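Open the model in your viewer and keep the selection tool ready. The tour goes stop by stop.

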Amino acid sequence: MLIGKSSDIPSSAITPQDQYLNRRRFLRGAVSGVVAAGAGALGAERLAEVFEPRIGALAGTKLETVKSPLTTTGEDLTSLNDLTHYNNFYEFGVQKNEPAENAGALPTRPWTVRVDGKVKSPKTFDIEALLKLRPLEDRVYRHRCVEAWSMVIPWVGYSLSEFINQCEPLSTAKYVQFLSYYDKKVEKWGSETSISWPYSEGLRMDEAMHPLALLTFGLYGEVLPNQNGAPVRIVAPWKYGFKSAKSIVAVRFVDKMPPTTWNDQAPREYGFYSNVNPSVDHPRWSQKTERRIGLPFYAQRKTTLLFNGYGEQVASLYNGMDLKRNF
Ligand SMILES: Nc1nc2c(c(=O)[nH]1)N[C@H]1C(S)=C(S)[C@@H](COP(=O)(O)O)O[C@H]1N2
Ligand SMILES: [Mo]
């Protein structure tokens, strides 16, 4: 049973990612709600028109952005409706439509990000200061979930490295850990899972310093909707989506590989690196292809690309590493 405290759930009942979803659907008897409307419109709608007012007080606020040299072009963007109604954000429910319904409760102001661990001195950054730290760029990235679906998303942010430089990490910092907001009164759906909160993710220092890794504040030129990880999240586009922690409140520089949520849930299925790799299957499904959300069914199936297509930029980070072992 998924209903109950996490301590009530035997480890044999741990059902990561797709299984949570399928079991809950089964229990409830039907797929409810708004999944993948497939309108195909390329985001002409503004957030303010898509959302009920209660969904994120700031959603719909325009962000001033500049063009980015690091944007990916050529593929159609996933519609705003799809990328805000087909989400993984287990704190707000395990079904894809639930974050859009429930994440309005997330209090995105005031908001601070605590920086500690192997740094010159611990600091706390206010979200308003983070928004002004660097010019915000529009960056279109492919987004590949470990569950073998994908999207193309126009994010807004700046390179995570710009922020990390402000954190003044020590040379002993080898990894950086990101911790998401968690309040069990606000995110009561979280306690229906066996996950030990808060959501934790991490990158090796050189990965985090790679210019493609994005500290993300918006999408489609506007403030992030709550269900997409407002007010600030990580995006690492060459990795499976779960590496990109949402709604982060703490950044910790550490000397050892930090514990991460999905690796902790099922270490055989979700590795620390989790680079997108079509030749390393998930134990329960193939990673060779993916389903592009929002396309007509006959056009959905896409070949998955090594490093999600960002190999030219990031492959050198993994020189000499066995990517099958370090999945
Ligand atoms: N805090 C938190 N961050 C999270 C998740 C989550 O459940 N909680 N889900 C991850 C997964 S599995 C994916 S695929 C992406 C989804 O991001 P999106 O909803 O903006 O597409 O967020 C990631 N970050
Ligand atoms: Mo995911």
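Helices here are DSSP runs of H or I with at least four residues, numbered from the N terminus. Keep in mind that this is a predicted model.

**Stop 1: helix α6.** Select residues 160-167, which make up α6. Which residues of this helix are buried? They are L160, S161, F163, I164 and C167. Now step just past the end of α6 to E168. Its phi is positive, at about 50°.

- K246: a polar side-chain atom is 2.6 Å from an oxygen atom of ligand 1.
- Y90: a polar backbone atom is 2.9 Å from an oxygen atom of the ligand.
- H143: a polar side-chain atom is 3.0 Å from an oxygen atom of ligand 1.

How much of ligand 1 does the protein bury? Taken alone, the ligand exposes 540 Å², and the protein buries 99% of that.

**Stop 2: strand β7.** Select residues 200-204 for β7, then pick E201 within the strand. Is E201 buried or exposed? Its relative accessible area is 0%, and under 20% counts as buried, so E201 is buried. V176 and E201 are 25 residues apart in sequence, yet their C-alpha atoms are 8.5 Å apart in space.

Methods
Residues are numbered from 1 along each chain as its sequence is written. Chains are lettered from A and ligands numbered from 1 in the order in which they are written. This is a predicted model: local features need pLDDT of at least 70, side-chain atom pairs count only at pLDDT 80 or more; totals for chains, interfaces and linings use all residues. Side-chain values use heavy atoms; hydrogens and water are left out. Buried means under 20% relative accessible area, exposed over 50%, partly exposed in between (1.4 Å probe, protein chains only). Helices (H or I, at least four residues) and strands (E, at least two) are DSSP runs, numbered from the N terminus. A polar contact is a pair of N or O atoms within 3.5 Å; within protein, one must be able to donate a hydrogen and the other to accept it, and residues adjacent in sequence count only if both atoms are side-chain atoms. Accessible areas come from the Shrake-Rupley method with a 1.4 Å probe; for residues, only the protein chains shown count as cover.
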